[in-house]
Structures are given as structure tokens and as C-alpha cells.
Amino acid sequence: SVSFSTVELRDYSYIIGDNPSCTSGLPLSLSWEHTDSRIVPIEKYEKERKPRKTETNLLLNRCQRRRKLNEIAGYSFMDIIKAERERALEIEKNLQDTSNVVHGPTIPTRIRIPL
């Protein structure tokens, strides 16, 4: 029989992530380095812990992620906006590269519309 008497709780900082499924704004990730650690008796932890979040409660919109990066992780709004622009350009480049592989390069065409 295995039993536990304590649990170690660690706090981790948010960082700008690289999750490709984030389609609006910047994805969040947890840093590898923890900022705080404490050991708690398992009975106390189980009694005081918050209920688990549902999947929909885990999803954050662009503004919520910006706020966490600013208020919790310490990124300035200018840093966040710059990183969002860089990510948007990278996504656009990847889409163009993928399109060229699948469909071949696109040839710009000029369409004349009579007035």
C-alpha cells in the first residue's frame, strides 16, 4: 500500500508560448522555473483546494492572455504588441510557404475593372 502525507506546491510564471492552435494573440505557456515552492499536508491541500476547472474555463481570450502577460508575467504592453505582430508575420510566412508547397507559387495578376 502506498500513501502520501505531504504535497509540494509550486508556482510557475507565465511566458509567451508557441502553441500553434492559438489563432488570436499570443499563446501562454508556463516557465520551466518555479517561483515559489511550499510543502503542505495532503489533508489540508485536499480540504482547501479549488475545484478543477472545466475545459471551457481554461480557454482564455486574447485580452485575458494580454492581461496575464502584463500583470503577472511583467511584459509591457509594447512588448506584447510587438510580439503579436512578429507572430502574425511568422504565421503569414508559414501559410505562404505551405501554400507554395501544395499549390506552387502564386503569380500576381492585375485585374482591370472598367469604370
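Which pattern does the protein follow when read along the sequence? The answer is β-β-α-α-α-α, made up of 4 helices and 2 strands. Helices (H or I, at least four residues) and strands (E, at least two) are DSSP runs, numbered from the N terminus. Please keep in mind that this is a predicted model, in which local features need pLDDT of at least 70 and side-chain atom pairs count only at pLDDT 80 or more, while totals for chains, interfaces and linings use all residues. Residues are numbered from 1 along each chain as its sequence is written, and side-chain values use heavy atoms, with hydrogens and water left out.

**Overall picture**

- Of the 115 residues in the protein, 12% are buried; buried means under 20% relative accessible area, exposed means over 50%, and partly exposed is in between (1.4 Å probe, protein chains only).
- The protein exposes about 10400 Å², and carbon and sulfur atoms supply 54% of that area. Accessible areas come from the Shrake-Rupley method with a 1.4 Å probe, and for residues only the protein chains shown count as cover.
- Take the contacts (heavy atoms within 4.5 Å) between residues at least 6 apart in sequence: 59% of them join residues at least 24 apart.

**Cysteines**

- A disulfide is a covalent bond between the sulfur atoms of two cysteines. Here the criterion is a pair of cysteine sulfur atoms within 2.5 Å, and the structure holds 0 disulfides.
- C22 has a relative accessible area of 13% and is buried, whereas C63 is partly exposed at 48%.

**Salt bridges**

- Side chains of opposite charge can pair when their charged atoms come close. A salt bridge is counted when a side-chain nitrogen of Lys or Arg lies within 4 Å of a carboxyl oxygen of Asp or Glu, and by this rule there are 6 salt bridges.
- In the salt bridge between R66 and E84, the N to O distance is 2.6 Å. This pair links distant parts of the chain, with R66 in helix α3 (residues 62-71) and E84 in helix α4 (residues 77-103), 18 residues apart.
- Within it, R38 and D36 form a salt bridge whose closest N and O atoms are 3.6 Å apart.
- For that pair, relative accessibility is 35% for R38, which counts as partly exposed, and 37% for D36, also partly exposed.
- Another salt bridge pairs E46 with R49, where the closest N and O atoms are 3.2 Å apart. E46 is partly exposed at 46% relative accessible area, and R49 is partly exposed at 32%.

**A look around R62**

- R62 lies in helix α3 and counts as partly exposed, with 37% relative accessibility.
- Which residues does R62 touch, not counting those up to four places away in sequence? They are S24, G25 and E84.
- R62 and C22 are 40 residues apart along the chain, and their C-alpha atoms are separated by 9.3 Å.
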